[in-house]
Amino acid sequence: MNLSPELLTLVMFGGLLIGLFMGHPLAFVLGGVAVIGAYLGPGERVLGTIINNIYGNAMDNYVLVAIPLFVLMARFLNDSGVTEKMFEAMRLLLANLRGGLALTVVIVSVLLAATTGIVGASIAVMGMIALAPMLKYGYNKELSTGVIMASGCLGILIPPSIMLILMASYSPVSVGALFAGALVPGLMLGAMYALYVLVICLIKPAYGPVVPAEERADVSTGQLLMMLVKYVLPPMTLILGVLGALFTGVATATEASAIGVGIAFLLFLIFGDRKLKTCFNTLIEASKTTTMVMLVLVGATAFTGVFSRGGGMTVISDLVLAMPGGTVGALILMLFLVFLLGMFLDWTGIVLLSFPIMLPIVSQMGVDVLWFVVMVAVVLQTSFLTPPFGYALFYLKGVAPKGVEIVDLYKAVVPFVALILLACLLMAFFPVLVTGLPSTLLGYS
């Protein structure tokens with residue numbers, strides 16, 4: 001059977017949605033639909049070419065070596081226990097400020113994003129150490145849960161991020177340029193969350209009461225300064241070690257990730273329990289995450305390969321370019337499709353499915369590819385927050401105390417999704433937010 005490109009497009013994407021709604025893992029749905037699509041479209045002989053492409057291009061990509069290293073770095077830092085101590089130090093520092101606990105969540109999450117880059121770990125950790133105290137001190141439930149989920153998602157945007165590494169490997173943009181391009185939007189989004197917390201607590205003081213004075217009085221100024229030096233400075237060293245080596249040209253992304261693993265392992269030895277069992281579990285968890293990413297990469301490479309050989313790329317390209325509004329209309333459509341896909345797929349599948357289709361169109365229209373890739377990265381922040389399959393909702397629900405229902409979490413993400421879309425508008429009107437820093441640091445043009 002040899003379906004037309006238009007019909008093959010409907011069959012493959014329809015099969016993808018059916019497989020996902022049936023609850024099957026994304027990697028195997030992508031691979032299975034690719035095999036079915038090959039028999040219905042270009043023919044089974046195309047599968048040999050796809051296999052060669054998987055082993056010769058996708059799995060032989062040196063840049064992807066950074067993914068398991070950054071994942072391992074994140075696990076060592078998470079298992080060192082320094083995160084909890086860092087949160088306590090920042091909480092006491094901002095104790096006299098309305099919304100101080102929520103603001104602490106944002107600041108610590110930004111630091112975690114620049115050191116871990118794993119959303120599930122950040123949200124789970126902050127949910128366990130911050131949500132109960134916030135509710136105990138009378139913080140608004142929606143504000144408390146919303147700020148934890150939204151801030152925790154910054155891990156896939158603020159470099160070093162495994163998502164940015166994967167994006168760079170599927171685009172003509174280097175990892176260094178993409179890291180530099182995403183840095184300002186990521187920090188800007190964190191600043192917007194912090195500003196929202198301050199404003200909402202100013203308008204509605206009951207949303208974020210101050211920490212009781214007697215609790216703050218138990219810790220002297222000298223003790224607080226010592227806590228800040230001991231527990232906040234080490235993660236900052238990790239950030240400067242990784243990004244400094246990358247931005248100054250001392251190391252490539254892969255080499256910088258190895259530096260990060262070394263520093264994170266030292267922090268694990270200093271602050272962790274140093275048990276062999278803990279170290280072994282860290283390696284196992286890092287291997288699981290890496291395997292998941294690589295399996296999705298294999299499935300998506302097969303899917304897009306068959307889709308392209310069957311003429312589907314041409315169908316999508318013609319549809320996008322025919323949008324009213326010219327280049328602006330086409331960009332809005334593509335970013336809106338990324339937003340919609342985020343409700344059903346995780347970021348790995350979206351990147352691997354959309355980039356082979358969208359980036360050639362973007363290049364054809366003469367749009368800055370770096371700007372577009374960072375825009376997609378910012379839009380993908382919503383993929384963790386939007387129902388029905390927003391992973392942040394389930395990460396936090398799994399560690400939330402009794403009384404926090406899934407409906408509360410749905411309500412909590414609404415203002416933060418709006419802030420993400422506002423950030424996209426700012427980047428659209430002021431593209432220098434993305435392209436300015438790479439131009440300065442890396443000579444990107």
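View 1. Helices are DSSP runs of H or I, at least four residues long, and strands are runs of E, at least two, numbered from the N terminus. The model is predicted: local features need pLDDT of at least 70, side-chain atom pairs count only at pLDDT 80 or more, and totals for chains, interfaces and linings use all residues. Residues are numbered from 1 along each chain as its sequence is written, and side-chain values use heavy atoms, leaving out hydrogens and water.

**View 2. Helix α4 is largely enclosed by the rest of the structure.** Twelve of its 15 residues are buried (under 20% relative accessible area, 1.4 Å probe, protein chains only). Among them are Phe70, Leu72, Phe76 and Leu77. Arg75 and Asn78 are buried too.

**View 3. The protein chain is built with 22 helices and zero strands.** Its radius of gyration is 22 Å, close to the 22 Å of the globule rule for 445 residues, so the chain is as compact as a globular protein of that length. The radius is taken over C-alpha atoms, and the rule is 2.2 Å times the number of residues to the power 0.38. The C-alpha trace spans about 75 × 45 × 45 Å along its principal axes. Of the 445 residues, 57% count as buried.

Key: Buried means under 20% relative accessible area, exposed over 50%, partly exposed in between (1.4 Å probe, protein chains only).
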